[in-house]
Amino acid sequence: MDTQKTALYEYHKSLGAKFVPFAGYQMPVQYSSGIVEEHKTTRSEAGLFDVSHMGQLSIEGSADLILALEKIIPTDFKNIKLNQSKYSFLTNENGGIYDDLIVTKVERGFNIILNAACKDNDFKIIKNALGGKFKLTLHKDLSLIALQGPKASEILENIINGISSLKFMNGKNFSYNSAQIYITRSGYTGEDGFEISIANNMVEDFAKSLIAKGAKPIGLGARDTLRLEAGLCLYGHDINETTTPIEANLKWAISKRRREEGGFLGYNKIKSDINGELSRLRIGIKPAGKIIAREGTKIFSVDGQEIGSVTSGTFGPSVNGPIAMGYVKFDFVKSGTKILLEVRGKKYDAKVSELPFYKKNYVR
Amino acid sequence: MSEKKFSKQHEWVSVEGDVATIGITKHAAEMLGDVVFVELPEKGKTVKKEGQAGVVESTKAASDVYTPITGEITETNQSIVDDPGAVNKDPEGNAWFFKIKIKNKSELDELMSKADYDKFAKENPN
């Protein structure tokens with residue numbers, strides 16, 4: 001398959017981007033200032049991310065659509081308010097996760113943001129589950145950009161009047177150059193920020209205005225260090241088809257009603273996980289020294305028993321040290337528990353840590 | 001010190017008497033991006049030409065550092081372990097990695113000159 005390019009490809013190039021293939025797309029991994037600098041800029045000012053590789057799915061329908069979606073996604077579709085966004089998953093019959101996603105209730109139905117690597121498969125799964133009754137569109141005509149950081153609201157307000165009053169995990173239609181664009185207050189960095197869905201033919205102009213107002217372009221490299229500091233999962237690494245949302249410590253994303261009533265794919269496994277059958281849990285890990293434990297690193301108890309493995313690990317520029325996430329047996333999940341990480345054949349001290357590693361207040 | 005010589009694995013070598021100082025090239029440091037972790041060989045250890053003699057990690061990934069010269073490690077640069085970012089700032093100067101007591105001086109003849117290395121790095125960016 002040929003690698004695809006987003007509508008901003010040439011613009012990234014002009015900004016000095018270094019590209020890597022990611023989920024079938026040529027994506028900027030960093031610009032000239034480098035990952036650490038880009039990370040810090042996002043935490044202190046505002047960063048602009050091109051996330052147009054992600055899937056933007058819209059599904060049109062009303063009451064019967066709600067019933068159909070509740071069978072495959074454990075969101076409380078009955079109680080989600082207009083323009084409200086929720087983090088959720090597409091579950092499989094074993095309670096594993098086909099994908100994690102953000103669903104937003106809009107006037108005609110729902111918008112769902114899907115991971116780039118999963119979007120085509122998700123589309124098939126959702127289409128099969130819903131039957132032919134609803135109109136599903138995986139938008140190829142739309143780009144998605146994220147503006148993240150403490151100055152995001154101030155910068156975007158220059159271009160979109162009234163944006164600063166939007167609440168976290170809420171969206172709204174705004175007008176830009178007499179066209180309609182949809183903006184949600186959300187993100188994947190642990191910072192305040194916005195995700196802007198806009199036509200491919202307008203996105204470069206929009207991105208340029210954000211840069212002109214002080215936003216800095218940020219690549220996928222810093223996106224990864226930012227999300228890991230924020231304790232957010234990366235699909236295909238921290239969660240996948242074999243991890244349940246409960247094991248992944250994402251129980252909060254399933255509302256009380258859905259947890260109690262079930263009625264979605266994989267509920268039996270998820271219910272038994274909730275009721276104490278849990279064998280492992282996703283945790284945060286802080287190595288004692290500077291050692292970086294990458295994905296796949298084996299985790300041991302202090303008495304030498306293998307108890308799990310790392311699913312994401314890097315250096316956290318704002319934490320100023322190495323950080324990781326992984327799964328360990330349930331007896332070792334308490335924060336502060338001493339564990340050992342095996343890196344290049346040697347064992348290194350580490351501790352189970354609270355997540356997130358880095359905390360910011362969102363605008364609610 | 002002698003004029004620097006360069007290896008295909010992107011190390012530089014500078015010789016004084018029978019001791020070689022070795023580090024990674026500016027090109028290698030740029031390709032790695034921000035260096036956030038460095039692991040060096042133990043003093044007294046004997047390393048073989050093109051054998052693994054350290055690790056550098058960026059935020060993205062870990063890479064092995066090789067030695068272009070066979071010999072015994074006589075000194076390592078603790079300052080880059082304490083401040084890995086120094087590797088990006090001064091890779092071909094203060095951020096040297098280790099010193100080796102050269103076992104076989106003829107190995108030096110197999111290394112490239114600065115001009116040849118620059119050409120090589122351009123043709124083999126990774």
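Where in chain B does UniProt place the feature "domain: Lipoyl-binding"?

1. The UniProt record, an unreviewed entry, puts this domain at residues 19-101 of chain B; such positions are given in the numbering used here, feature names are shortened, and annotations may be inferred rather than shown by experiment. In the model, the end C-alpha atoms of that span lie 5 Å apart, and the span is 19% helix and 42% strand, where helices (H or I, at least four residues) and strands (E, at least two) are DSSP runs numbered from the N terminus.

2. This is a predicted model, in which local features need pLDDT of at least 70 and side-chain atom pairs count only at pLDDT 80 or more, while totals for chains, interfaces and linings use all residues. Residues are numbered from 1 along each chain as its sequence is written, and chains are lettered from A and ligands numbered from 1 in the order in which they are written.

3. Chain A contains an open sheet of five strands in the order β6-β7-β8-β5-β9, with antiparallel pairing (two strands pair if DSSP finds at least two bridges between them). Its edge strands are β6 (85-91) and β9 (135-138), each of which pairs on one side only.

4. Strand β8 (residues 109-114) of chain A is largely enclosed by the rest of the structure, because five of its six residues are buried, that is, 20 or more other C-beta atoms, placed from the backbone, lie within 10 Å of their own. Six bridges join β8(A) to strand β5 (residues 55-60) of chain A in the antiparallel sense; A:S58 stands opposite A:N111, and A:E60 has A:G109 as its bridge partner. Strand β7 (residues 97-106) of chain A also runs antiparallel to β8(A), over five bridges, with A:V106 opposite A:G109, and β7(A) and β8(A) form a hairpin with two residues between them.

5. The largest nonpolar core has 115 residues, and A:I145 and A:L147 have the most contacts inside it; such a core is a set of buried Ala, Val, Leu, Ile, Met, Phe, Trp, Tyr and Cys residues joined through C-beta atoms within 7 Å. Leaving aside neighbours within four places in sequence, A:L147 is in contact with residues including A:A46, A:L48, A:F194 and A:L210, contact meaning that C-beta atoms, placed from the backbone, lie within 7 Å.

6. Where the two chains touch, chain A contributes 12 residues and chain B eight residues. The chain B side divides into three nonpolar, two polar and three charged residues, with Ala, Val, Leu, Ile, Met, Phe, Trp, Tyr, Cys and Pro counted as nonpolar, Asp, Glu, Lys and Arg as charged, and the others, Gly among them, as polar.

Notes. A residue is buried if 20 or more other C-beta atoms lie within 10 Å of its own, exposed if 12 or fewer, and partly exposed in between; C-beta atoms are placed from the backbone.
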